[in-house]
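This report describes one protein chain.

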Amino acid sequence: MIASLREEGLMQVLPAVVTAVFPVLVVHAAVTDFFSMTISNRVSIGLFAVGLAAVALTAGSPAEVGAHFAAAGVVFAIGFACFAFGWMGGGDVKFAAAVAFWLGWPHMLDFGLAVSIFGGGLTLLVLASDRLLDPLPVLKFGFLARFHEHRRVPYGIALSAAGLQIFSQSDWMRVFL
């Protein structure tokens with residue numbers, strides 16, 4: 001009896017945890033990347049760990065779990081190549097892989113397209129704002145305050161926006177809401 005009550009309680013709490021943890025950690029990553037140009041390993045590891053627990057509890061088969069690992073692996077491999085060329089930071093790569101793990105294989109093309117669109121838009125916005133805010137340096141805050149020195153864009157913002165967009169259309173939302 002107690003075991004079934006625990007199981008029922010877990011199944012009532014799990015949807016709330018799943019639907020809350022992903023957006024909270026993804027938004028946290030975007031905000032910290034904006035202000036510090038870093039995404040903490042704790043965020044990526046936490047996102048992956050909770051995602052692993054959620055997938056393990058809800059997956060219908062080992063193949064489904066494998067598809068989530070495959071998505072994360074492919075994104076990590078592509079991200080590592082981008083890191084090697086200096087196009088992305090290491091924190092962005094780890095974060096992107098953790099987001100991909102949550103989304104799973106069926107959403108990888110949509111995620112890649114969304115990251116490209118948000119990343120391109122963010123880059124254009126940053127370049128435009130750098131020029132527009134030159135006369136008003138007091139309005140340059142976060143990474144924008146030092147953009148003229150390093151000329152880097154916090155790609156975690158684009159990864160977060162894409163992750164949230166695709167997450168809202170994913171099986172997680174259909175199953176739990």
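What percentage of the 177 residues of the chain count as buried? In this predicted model, the share that counts as buried is 37%.

The chain contains eight helices and zero strands, so its elements read α-α-α-α-α-α-α-α from the N terminus on. Of the contacts between residues at least 6 apart in sequence, 75% join residues at least 24 apart.

**Helix α2**

Helix α2 covers residues 41–58. Its 18 residues should span 26 Å at 1.5 Å a residue, and the end C-alpha atoms lie 25 Å apart, which agrees. V43, S44, L47, G51, A54 and V55 are the buried residues of α2. Viewed down the axis of α2, these buried residues fall within an arc of 105 degrees, so they line one face of the helix. On the face turned away from that buried side, α2 carries the exposed residues R42, I45 and A56.

**Helices α4 and α7**

The axes of α4 and α7 come within 10 Å and cross at roughly 0 degrees. Because of that angle, α4 is roughly parallel to α7. The residues that meet are listed here by helix.

| Helix | Range | Residues in the contact |
|---|---|---|
| α4 | residues 90–103 | D92, F95, A96, V99, W102 and L103 |
| α7 | residues 156–168 | G156, L159, S160, G163, I166 and F167 |

By class, the contact of α4 with α7 comprises eight nonpolar residues, three polar residues and one charged residue.

Technical notes. Residues numbered from 1 in each chain as written. Predicted model: local features only at pLDDT ≥ 70, side-chain atom pairs only at ≥ 80, totals over all residues. Heavy atoms only, no water. Axes fitted to C-alpha atoms, helices over the stretch in contact; angles between N-to-C directions. Helix = DSSP H or I, 4+ residues; strand = E, 2+ residues; numbered from the N terminus. Parallel < 35°, antiparallel > 145°, perpendicular 65-115°, else oblique. Contact = heavy atoms within 4.5 Å. Nonpolar A, V, L, I, M, F, W, Y, C, P; charged D, E, K, R; others polar. Expected span 1.5 Å × (residues − 1). Buried < 20%, exposed > 50% of the residue type's maximum accessible area, 1.4 Å probe, protein only. Arc of directions from axis to C-beta.
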